[in-house]
Amino acid sequence: MEQGWLDLADARWTVRADDAAQGWSEVPPALREQLRRGIPAIVPGVVHTDLLAAGLIDDPYVGTAEADQHWVGRQAWTYRAEFDLAAYAAELTSEHCDLLCDGLDTVAEVFCNGAPIGRSVNMHRRNVFSTQGRLKPGLNVIEVVFAPVEEYASQMAELVGERVHVERDPYNLVRKMACNFGWDWGPRLVTAGIWKAIGLRSWDVARVLDVAVFATAARNASGGWDGELRVHAETTGDLRFAAMTVRVSGPGAAAAEATVMAEEWTEVVVPISGIEAWWPHSLGEQPLYDVEVLLHNDTRILDRVLRRTGFRSVELDTTPDADGAGATFGLRINDELVFVRGMDWIPDDCFPSRITPERYRERVQQAKDANVDLLRIWGGGIYEQAAFYEACDELGVMVWQDFCFACAAYPEEEPFRFEVEAEARDNVIRLSAHPSLVIWNGNNECIWGFHDWLWEGQLGDQTWGAGYYYELLPSVVAELDPTRPYWPGSPSSGVNEVPPNDMNYGCVHIWDVWNERDYTAYDDYSPRFVAEFGYQGPATWATWARTLEPQDRSATSPAMLAHQKAAGGNSKLDKGIAGHLPAPGEGPEDFDDWLFAMQLQQARAVRYGVERWRSLRGRCLGSIVWQLNDCWPVTSWAALDLGTNAAGEPVARRKPLWYALRSAYADHLVTLQHDADGWRAVLVNDGTDDWTAQGTVALRGFDGAVLWSLDVAQVVPVRSRVDLVLDGLPDGVRDDVALVADLSGAERALKLLVEDVDAALPTPRWTATVTRTDAGTRVDVTAETFVRSLCLFADRVAEDAWADTLGIDLFPGDSHSFRVHGGLSDDASGLTERPVLRALTNPLTPSEAL
């Protein structure tokens with residue numbers, strides 16, 4: 001930027017509590033005097049992180065500490081910055097000076113040298129406050145005073161009335177991250193603070209207030225790609241002699257630019273030939289282009305804004321079926337209809353200010369490594385920080401962005417509506433340049449709640465959000481971002497007159513499986529697109545070792561239950577495993593078996609669902625698993641947990657579910673499906689070329705003997721599926737055989753004819769050796785018997801270690817090599833010992849292991 005900029009993160013910050021606040025009596029007496037005076041603060045940050053840094057509270061992620069910290073969210077807090085303006089004279093010499101606040105959490109009044117300059121009541125949007133006439137030479141003070149959000153929500157209830165919601169607090173009456181108030185996977189840690197960047201910006205003559213960038217691609221006559229860049233810029237100041245120039249440069253094309261006279265709202269269109277199109281990683285590469293927006297007059301540059309973008313087209317295909325009985329629901333990227341292999345994303349920390357760009361990129365890379373090509377940002381969290389979308393742009397992971405509404409009825413009256421519209425406009429513009437963002441979605445489960453959770457009767461004639469989802473938000477997207485599709489909600493059929501979970505329209509959520517039904521009930525559904533489904537499983541051993549004391553490591557200890565937030569969660573785990581796997585005990589002596597069985601059950605259940613949806617490819621065009629990540633250590637639906645290492649750094653460890661999803665989301669999938677007509681081998685190709693699948697489908701005894709086989713040589717066209725009916729299988733159901741597909745270009749597919757708990761599984765035997773190489777550590781296993789779901793839990797040897805594969809099935813004589821990554825010590829002998837290296841047995845702890 002040409003204007004001066006002072007990052008106030010470098011100022012001297014403190015935070016103090018107001019002893020006149022209603023919640024002051026809840027503050028622990030030993031802390032009161034220190035909090036009255038104030039403690040050092042780090043900005044960006046929130047009160048909890050400052051209290052942690054000062055040693056005044058325990059880590060709320062450990063043990064039961066969360067329950068002792070609810071008082072923090074009931075206080076009024078003042079953040080105070082002191083800075084010497086003389087030290088920044090060169091940066092701040094212009095006529096105007098604004099305070100830019102990218103994120104204030106949440107109910108905040110802002111003061112400059114004691115004078116009020118602005119107010120914010122929305123965590124989700126940016127604010128600009130003028131400091132004109134308030135700054136002075138020498139020492140200056142910026143203060144941000146945060147009121148308790150509970151008090152604000154009570155005031156809003158008096159204005160617009162209470163509304164139904166799913167958690168204990170009325171999060172639907174304040175524009176704040178809903179899961180801050182607790183969720184069925186997250187703690188109740190109600191935050192306050194300056195959670196994003198804050199700084200002073202000086203300018204004169206004119207400046208750019210905001211920029212929206214839209215880059216679209218279209219095939220040209222020669223089969224290449226041409227692009228069009230549209231820039232919409234909002235400006236302020238004296239524009240009488242000002243012009244705006246936009247320049248774009250990047251791979252495959254000469255730099256292009258265009259200039260127009262500047263207005264309050266200026267549009268610049270730059271056509272550019274010979275560009276390279278941006279694709280999700282499952283379909284191609286991710287070329288990115290630099291965009292420079294210059295506001296200038298005849299003598300100098302007044303302002304400069306830089307963006308990065310990618311050229312691509314995106315459509316939501318909702319073509320009606322020929323018979324009128326339903327409609328397609330699928331994303332077209334550059335005119336290619338994609339089967340979405342997705343996961344839902346929640347905030348990666350209860351304190352989002354702690355999430356670094358490196359952490360965002362690592363998490364998106366972990367998703368990509370599991371063959372995930374879309375992340376759905378759930379509406380109960382936040383519009384993510386720039387680094388998240390930048391990582392998705394660079395790594396080719398598409399983003400489905402919910403507007404921030406979740407599982408509640410929301411008032412449509414003023415002043416609430418004003419904040420909703422301002423927030424929507426701010427974020428649609430802020431995120432516009434990112435090619436990874438492919439769809440806007442109105443809400444999470446609010447339409448479903450109104451129709452199917454008895455809200456309609458409770459609400460009477462109260463507004464509940466329909467005006468947002470069907471009118472306001474689509475109009476904002478159509479006005480500000482016409483390059484992306486909008487959908488009213490998840491789940492939604494697209495119109496209010498059709499039930500939101502209709503299997504023939506739109507996107508659905510399937511939660512009776514997990515809550516009420518066995519996971520094999522996924523077979524009862526034939527949806528068009530599944531935007532949420534999932535199954536719980538506990539975090540990894542290393543994460544629990546950092547979270548719970550040894551005596552607390554059991555399924556039912558109070559500390560463990562404090563990290564199980566789902567209503568009846570453990571009971572559902574117990575019910576769900578029955579009939580599938582041997583049931584583990586729940587005492588401290590059973591913890592190893594409980595972890596293994598429940599994690600394996602989670603992996604099996606979700607994989608079953610994914611393979612069902614992919615076996616319907618053509619009718620079904622998307623699978624989004626709840627959920628990729630966690631925000632703290634917990635038993636949850638996530639594939640990646642969240643713990644720490646010895647240095648206190650956050651670590652997202654892979655649960656068995658992550659490995660199962662990587663297999664189920666592979667470009668080439670063989671899935672063995674059974675229904676009333678018998679067995680089918682479904683071959684699914686979501687790669688970029690035709691797939692020639694060669695090999696055999698066989699019925700094999702646990703001793704390895706081949707009882708029946710079918711030779712396969714099948715071409716599967718790109719982005720399609722082929723069903724092979726397995727005629728001639730021997731009649732009857734045996735408990736000592738497996739149906740196995742070994743086809744080139746795909747992982748082995750294996751199904752027992754009975755559930756594992758009913759199978760005649762032999763006591764597994766194998767030989768295992770450890771080899772240290774320059775590339776790392778390898779564990780080679782050769783089976784002497786049938787070995788079911790062989791797992792190597794390397795984090796039990798070294799907390800940062802992890803194996804490249806998990807859950808391997810072997811017949812006698814088969815071999816498999818695990819490669820171990822992470823911080824192993826010189827002694828890696830423990831990698832071959834139980835329970836580090838273990839397979840499924842019945843019972844879970846065979847007598848010879850006792």
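Biologist: Is Asp481 buried or exposed?

Modeller: This is a predicted model. Asp481 counts as buried because its relative accessibility is 0%, under the 20% cut-off. Arg484 counts as buried too, at 6% relative accessibility. Arg484 and Asp481 form a salt bridge in which the closest N and O atoms are 2.8 Å apart.

Biologist: How many salt bridges does a search of the whole structure find?

Modeller: The search finds 67 salt bridges. Among them is the pair of Arg517 and Asp512, whose closest N and O atoms are 3.4 Å apart. With a relative accessible area of 32%, Arg517 is partly exposed.

Biologist: Which parts does the salt bridge of Asp756 with Arg788 tie together?

Modeller: In that salt bridge, the closest N and O atoms are 2.7 Å apart. Asp756 lies in the loop between β41 (749–752) and β42 (766–773), whereas Arg788 belongs to strand β44 (residues 787–792), so the pair joins parts that are 32 residues apart in sequence. Asp756 and Arg788 are both buried. Salt bridges also link Glu26, Arg74, Glu150, Arg168, Asp169 and Arg188 in a network.

Biologist: Which residues make the contact of α4 with α5?

Modeller: From α4 come Pro357, Tyr360, Arg361, Val364, Gln365 and Lys368, and from α5 come Ala387, Phe388, Ala391, Cys392, Glu394 and Leu395. The residues of this contact comprise eight nonpolar, one polar and three charged.

Biologist: What of the backbone? Which residue has a phi near 65 degrees?

Modeller: That residue is Asn371, where phi is positive although the residue is other than glycine. Asn371 is placed in the loop between α4 and β26 (374–377) and counts as partly exposed, at 22% relative accessibility. Cys407, likewise not a glycine, has a positive phi of about 55 degrees. Cys407 lies in the loop between β27 (398–402) and α6 (416–430), and at 5% relative accessibility Cys407 counts as buried.

Biologist: Where does the residue Gln627 lie?

Modeller: Gln627 is in the loop between β32 (622–625) and β33 (643–644). The peptide bond from Trp626 to Gln627 is cis, with omega near 10 degrees. The bond from Arg834 to Pro835 is also cis, with omega near 10 degrees.

Key
Residues are numbered from 1 along each chain as its sequence is written. This is a predicted model: local features need pLDDT of at least 70, side-chain atom pairs count only at pLDDT 80 or more; totals for chains, interfaces and linings use all residues. Side-chain values use heavy atoms; hydrogens and water are left out. Contact means heavy atoms within 4.5 Å. Helices (H or I, at least four residues) and strands (E, at least two) are DSSP runs, numbered from the N terminus. Ala, Val, Leu, Ile, Met, Phe, Trp, Tyr, Cys and Pro count as nonpolar, Asp, Glu, Lys and Arg as charged, and the others, Gly among them, as polar. A salt bridge is a side-chain nitrogen of Lys or Arg within 4 Å of a carboxyl oxygen of Asp or Glu. Buried means under 20% relative accessible area, exposed over 50%, partly exposed in between (1.4 Å probe, protein chains only).
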